[in-house]
Amino acid sequence: MLATSRTFVANARAGLANDNLQHALGLARTGFPLRRRLAIERLPEFEALRETGRSIKDHTLEHLDFYLELYESRVVASGGKVHWARTPQEACAAVLQVCRSVGAKIVTKGKSMIAEEVGLNEFLERHGITPVETDLGEYIIQLRHEPPSHIIAPAIHLIKEQVAETFRAEHRSLDPDRSLAEPRQMCDEARAMLRPRFLAADVGITGANFHVAETGSSIIVTNEGNGDLTQTLPRVHIVMTSIEKLVPTLEDAATLLRLLARSATGQEFSSYTTISTGPRRPGDLDGPEQYHVVLLDNGRSELIGTEFQDMLRCIRCSACINHCPVYAAVGGHAYGWVYPGPMGAVLTPILIGIEEAGHLPNASTFCGRCESVCPVKIPLPKMMRHWREREYAKKLSPPVYRTGLSLWAWVARRPALYHALAEIASRVLGWAGRDRGRFRSLPLATGWTAVRDMPAPEGRSFHSLWAERRK
Amino acid sequence: MGGAEEVSEARERILAGIRSSLNRGRLDPETEAELRARVAAHRRNLVPARATTLDHQERVELFVTMAEEVQATVTRVTSLAAVPEAVARYLAAENLPAELVMAPDPSLDAIPWETRPLLRIRRGRAEAEDKVSFTPCHAAIAETGTLLLVSGPQTPTTLNFLPDTHIVVVRGRQVVATYEDGLDRLRAAGASEALPRVINFITGPSRTADIEQRIELGAHGPRRLHIVLVEDGQATRSV
């Protein structure tokens, strides 16, 4: 997938002007946070579970080499195979090699963010293999040739009329005059269109939410059941995953599963949580004959021991995205790559470079909601600040911004001067804006005043009030 | 073979990269032994009290409440002998054909289907044309109204996902408090060495909210999940 993170500002502007997107985001920004809050109120242990979840992930990362080797040995013992991949290219090549070994023409896919990260669909198409997305949201955006705009609700940017339009254009074998007014009808239509594909597929590719070192298992969590049909019906099951999804035991997985659904959709538990271990066993009447795990690194191993290590705890629940005021205003496509919102603002520069994605850690109000809802307590704002520091150190930010910041820093390090200048500025601005109480435009601040008014200072500064109160 | 060598090179490089990031070499044998002991202990983390503080009957009630909350339907009967009638009535009420594909599991052999001769039953895995499946479960988990099903020669996974309607028979004594209790039951049943190929935790029927956040049932898996709960007074097996 070609990243457009460089043009975040233009992308965001387009998002703000898109009425359909704004309507769709309106539904999301109330729905997700409300349902999460209601679910958490029912579980008094939730806060303590966050701490436990954090320590499970930290423990695993501290011993990741050991747990990966244990995991691989258990996968092999259960008849599966692990394909280690340092890069997206190696991951795609491993998938292609397995597909070719069984002469695959059609592969069905459950939702996998790792597959998005490595650009698997385009790669398979280039090599003559047809990938069919089966998650309803992923299916819709595949028909529309769009990337996902959310990690668990990929078509959240669309309104139902757009989905209906897409189905009418793509499902040409159906009656053109059929009614597609309601989501129910569209769900039924997608179900009917996809069922034969599930049955015809040679290979099924799923992602994974967790892997269990103890047992060599992969775990997927879905609501639709598409992941289970994807991995049960074809002859071959490939799991696309990355090294940080490992946990030591089933008990550890159970703890994280209690956090996942509540944080993601506000459900007590998703409809389907499936633990898979190896291929079909002797006597089994169904299930895949081969079980492959493509285990991607893509720079993750280098994060251990750095200020970004905490990001490897992420369980991809999307709570940070669902509670982000910036995401809620501009939508996921503005972020320009696979992972949007606060987790994307930290992860995207890691995966495609701060040169490409420098806007993302800057697109934050630093309100801190992302960190406060994160089920594994990832300090997302702090890591966005780390990126800003790196961006500054690498001299990637615009010259005006850098000069302004240096000037401000110079003054801020001299408190007497700072207070004097602030006092003068607030008096001048207060006097100039005394009639309206606000400014429509200000020299040197058009970035602010182009889209909103600047309030005029009223009365005295906080510093002088504070100094007086302490007397 | 070039391909195989490259793959193993990736493996070595990734592991070496992790160790270098952790500022150490391979773990020393003592630490490895500690980690192996941690894994083998199956130590439970914090487990919510919601279901663990209940007695068995309360746990069964919680299971039913939680399952119904996520749109599973529940019929309660007092003996296996009452299951055929409960199933037949359910199918009639839902306007479904009197035709089942049933798991070839011996635990279902005691159900007297001959009392409902009009019910046609095939035993095996599910095929594309099957409308209704009937399966046992391994455990039922009270905390979230979740069914725990495992794959095996007698319990094929397709039964849980292909048909539009999935009917599951749950024995009262199978109701446990938590996911951990369900896993312990599995291990006690001989799964401590290798897990069953698939363990399905099923909580209500298939659903999606991918179009405008509106919840619709029956996205790809079953549109209906019906539970026949057999409360035949047998005490719960301790786990």
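These exercises work through a predicted model with chains A and B.

Residues are numbered from 1 along each chain as its sequence is written, and chains are lettered from A and ligands numbered from 1 in the order in which they are written. Local features need pLDDT of at least 70 and side-chain atom pairs count only at pLDDT 80 or more, while totals for chains, interfaces and linings use all residues.

**Exercise 1. Overall form of chain B**

Task: Find how many helices and strands chain B has, and why it counts as more spread out than a compact globule.

Solution:
- Step 1. Chain B holds 7 helices and 12 strands. Helices (H or I, at least four residues) and strands (E, at least two) are DSSP runs, numbered from the N terminus.
- Step 2. The radius of gyration of chain B is 22 Å, well over the 18 Å from the globule rule for 239 residues, so chain B is more spread out than a compact globule. The radius is taken over C-alpha atoms, and the rule is 2.2 Å times the number of residues to the power 0.38.
- Step 3. The C-alpha trace of chain B spans about 70 × 45 × 40 Å along its principal axes.
- Step 4. Chain B is divided into domain 1 (2–41) and domain 2 (49–230); such bounds come from an automatic or database domain assignment. Their centres, over C-alpha atoms, are separated by 41 Å.

**Exercise 2. Helix H4 of chain B**

Task: Check the span of H4(B) against its residue count, then list its buried residues and what covers them.

Solution:
- Step 1. H4(B) covers residues 56–69, which is 14 residues. At 1.5 Å a residue it should span 20 Å, and its end C-alpha atoms are 20 Å apart, which agrees. The expected span is 1.5 Å times one less than the number of residues.
- Step 2. Buried here are B:Arg59, B:Val60, B:Leu62, B:Phe63, B:Val64, B:Met66 and B:Ala67. A residue is buried if 20 or more other C-beta atoms, placed from the backbone, lie within 10 Å of its own, exposed if 12 or fewer, and partly exposed in between.
- Step 3. The cover includes helix H3 (49–52) and strands S1 (73–77), S5 (139–141), S8 (175–176) and S12 (224–230) of chain B.
- Step 4. B:Gln71 follows H4(B), with a positive phi near 70°.

**Exercise 3. Strand S12 of chain B**

Task: State which strands pair with S12(B), and in what sense.

Solution:
- Step 1. S1(B) pairs with S12(B) in the parallel sense over 5 bridges. Pairing requires at least two DSSP bridges between two strands. B:Thr75 has B:Val228 as its bridge partner.
- Step 2. Strand S7 (residues 165–171) of chain B also runs parallel to S12(B), joined by 7 bridges. B:Val168 stands opposite B:Ile227.
- Step 3. In a regular strand, side chains alternate between the two faces of the sheet.
- Step 4. B:Arg224, B:His226, B:Val228 and B:Val230 point one way, and B:Leu225, B:Ile227 and B:Leu229 the other. In S12(B), 7 of 7 residues are buried.

**Exercise 4. Where chain B meets chain A**

Task: Say how many residues of each chain are in contact, and which element of chain B gives the most.

Solution:
- Step 1. 63 residues of chain B are in contact with 78 residues of chain A. Contact means that C-beta atoms, placed from the backbone, lie within 7 Å.
- Step 2. H1(B) gives the most to this side of chain B, with 11 residues.
- Step 3. By class, this side has 27 nonpolar, 21 polar and 15 charged residues. Ala, Val, Leu, Ile, Met, Phe, Trp, Tyr, Cys and Pro count as nonpolar, Asp, Glu, Lys and Arg as charged, and the others, Gly among them, as polar.
- Step 4. Strand S9 (residues 272–276) of chain A and S9(B) run antiparallel, joined by 5 bridges. A:Thr273 stands opposite B:Phe201.

Methods. Contact = placed C-beta atoms within 7 Å.
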